[in-house]
Amino acid sequence: MRTAHAQGVRFVTEQEWFTVAERWAPSDPFPLVEGAALRRYEELLAPAPLPPVQRLAWPGVVVSCGSRRSEVVGGLLAEATGRDRLHVAPEEVPAALARLGDSYVALVGLLTDLDAIGDWPASWHSRVGVVTARDLPSLVALVYRTLTVAAAADPGVGRLVHPVMPGASRADVTSIDEIDALTARGHGLLVLNSHGRECCVHLPDGLVCGRSDAPADAAPPDGSAPPGVRTPSCLRGGGCFRPELSPSQRVPASSLRGTVVLAHACDAIAFGVNALPHRVSVTLGLLEGNAVAVLGAVGRHEPDPRTSERMLSGIARGLRPGDVLRELNAMAAGGTGELTRFGLLGDPSLALPATLVTAAAQDLTATATATATGVGGGGGRTDGSAAAADLQALGEHVIPAIESLPWFDVPIPEPALAALAHRVRHLWAGLQGGVPATSLATSVAACQEELASLQARIVDGFLETVHTTWWQFGESAVAGLRQTSALPAPCPHCGRRSAEELQFRHGLRASATLRVHFCLRCGPVRWRTGEVPGLDQVTHVDLVAQDGTAMALPLTLRNDRPQPVSVAVGFAFANGSYHRLPPPQSWTVRLGPGETRVVTADGRMGTPRAYDMFEGVFVTCVDGLVTVLPTWVTVAAEPSRTPISQATEHSQDSHVRD
């Protein structure tokens, strides 16, 4: 056992440690206890000796918790960094953290002491970092490595990314066969982005394992699990829960060489809320290796591909880990919130060496360059692209608008809508994952074509109902509407001031709204399930036709938008099948920016059952919104024809209606 002074450090036994540590000052050799974590640090620095601890000045407070050993370790950290210190019992931690306001708080203690708190400490403080380890030698080594971080802060950013995760194409490791890139060579910053659980981070052909003990030390004597603790197979004598892996495919987390680590995997930070024993914790394993700080996901996690970029951005700006943590959680608050919470193991006041700041800045520059030149396999977001805006409009407005149509008795092809919604959801998830702009644009264009087909089917289904029934808009659905406003609006046809723009809301679905432009003389001149900005739609309300004579029924469409628009259009006569009027007609009309188009329905009437007035409707569907424009056609007989008896026709009408 080494007990002599060595380049500013002193090796002592655990029994001696109390005596030396309680009297320690920054001018003294730092008291170290032999252990595996310290040996790894020596190997990392070799052939250079272990460095002395210099007097530092860091902001914030050191809070130690529980036993006398934890209190003394906290005292070493506070004394070396010029911070105030506070020692509390586990049950006093919540109140103590709440009293410390916005300070950086390094919460120091052995796991056995901190476990008694019963929760993740960040529940009470936004800039707390937990400085802990599984035993005293490891905790002392962690504090020492934190105080001498500049001695081992390698340059560069290393990445382990599961091949299905965003950024895999830029990763150093996507397979366990490549793990030497992170174990044989050091990186100042290390990003782990994969699926995981408390005990591991996954790769398809292996895993980073939280344990570092020998396989022979696998199972407790009786193989039982403590009450209330989920004990993994490896601690019950059953081997790894992934039995397909060989021992070489389970790499101890302590063997990874990274100074500051982002562990972006489920349950990475599980202290205080852990379901598995600390003995298998992957992040505690990292802290027994070369890491001095681990920013990680707390609990089950929804991945956000912006995380590594946000972390690197904070480090490149010289932020301390506590501020990087707060930025990550602020980002999460603007997204999936509690499902994307981050925590910090390590000192939140740590002043990161210049090598790490430079490494982060250089990596961000390389990422931006790769994104701008279209390489990097999806490393950059495309939120500002036109394709992304189109995708967002589909998800936020168009699909919900179509989903509301049945509330107005407008039939929709539900399987086709579900398929489109499914595609949009997955594309949006891909966009958040950094899908390249070219791929996204192609996929969104395919969605737009799918939408055009869906809207054409909606119009065709609507027209079939109009053509084969005594159609009235909304049918029984209208009874479920409640008028919410009525504003004067001159009739576009007769010009009377007795017209109004009425708005209705469905009594059971607040998002299902209907606008009706209603004229006392002309009747409803327009029904709309929503406002269609930038698309003007005009038809004539009163036309005269002769049976057997060609006639055009016009609808004028004008696109005032700065981008093209696809409009599903159709025309049908109300109960035209009974009246022997022309069958429904439909088109898909694509209008460029500023383009005007006149769509004409064939008004050749044949010989109707009666020479009367017939209601026809133009129907359009654009952006998932349906507009119905009624028109009345009066049919006159040719001079050689004998009109059908009106009395007879009315009786037939009555019979059919019944």
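A cavity, on a 1 Å grid over the protein atoms alone, is a set of points where a 1.4 Å probe fits but cannot get out, while a pocket is an open set with protein on both sides within 12 Å along at least five of seven lines; lining residues have an atom within 4 Å of a point. Grid points are joined across faces, edges and corners, and a volume is the space filled by probe spheres set on the points.

What you see here is a predicted model, so local features need pLDDT of at least 70 and side-chain atom pairs count only at pLDDT 80 or more, though totals for chains, interfaces and linings use all residues. Residues are numbered from 1 along each chain as its sequence is written, and side-chain values use heavy atoms, with hydrogens and water left out.

View 1. Rolling a probe the size of a water molecule over the atoms shows where empty space is left. Searching the whole structure this way turns up five cavities of 30 Å³ or more. The second largest cavity holds about 80 Å³ of space. Its lining is made of 14 residues, with Ala270, Phe271, Asn274, His278 and Ser281 nearest the centre. Sorted by class, that lining has eight nonpolar, four polar and two charged residues. Here Ala, Val, Leu, Ile, Met, Phe, Trp, Tyr, Cys and Pro count as nonpolar, Asp, Glu, Lys and Arg as charged, and the others, Gly among them, as polar.

**View 2. The largest pocket and what lines it.** This pocket has a volume of about 960 Å³. Look for Val398, Gln448, Leu451, Arg561 and Asp623, which lie nearest its centre among 40 lining residues. Helix 12 (386-404), helix 14 (437-468) and strand 24 (565-573) each supply at least two residues of that lining. Helices (H or I, at least four residues) and strands (E, at least two) are DSSP runs, numbered from the N terminus. Which helix gives the most to the lining of the largest pocket? Helix 12 does, with 10 residues. By class, the lining of the largest pocket has 21 nonpolar, 12 polar and seven charged residues.

View 3. Strands of a sheet pair through backbone hydrogen bonds, either parallel or antiparallel. Two strands count as paired if DSSP finds at least two bridges between them. In this sheet the order is 21-23-26, and the pairing is antiparallel. Strand 21 (535-539) and strand 26 (596-602) stand at the edges with a single partner strand each, so one side of each is left without a neighbour in the sheet. Neighbouring strands of this sheet are turned by 20° against each other on average, direction ignored; such angles run from 0 to 180 degrees between N-to-C directions, and the axes are lines fitted to C-alpha atoms, for helices over the stretch in contact. Five bridges join strand 21 to strand 23 (residues 552-559).

**View 4. Strand 28 and its partners.** Of the 12 residues in strand 28 (residues 625-636), nine are buried. Buried means under 20% relative accessible area, exposed over 50%, and partly exposed in between (1.4 Å probe, protein chains only). With strand 27 (residues 613-622), strand 28 pairs in the antiparallel sense over 10 bridges, and cysteine 621 stands opposite valine 626. The hairpin of strand 27 and strand 28 has two residues between the strands, and aspartate 623 takes a positive phi near 60° there. Strand 22 (residues 542-546) pairs with strand 28 in the parallel sense over five bridges; valine 544 has threonine 634 as its bridge partner.

View 5. The peptide bond from alanine 46 to proline 47 is cis, with omega near 10°. Proline 47 sits in the loop between helix 2 (36-45) and strand 4 (61-65). Asparagine 575 is not a glycine, yet has a positive phi of about 50°. You'll find asparagine 575 in the loop between strand 24 and helix 15 (576-579). Is asparagine 575 buried or exposed? At 3% relative accessibility, asparagine 575 counts as buried.
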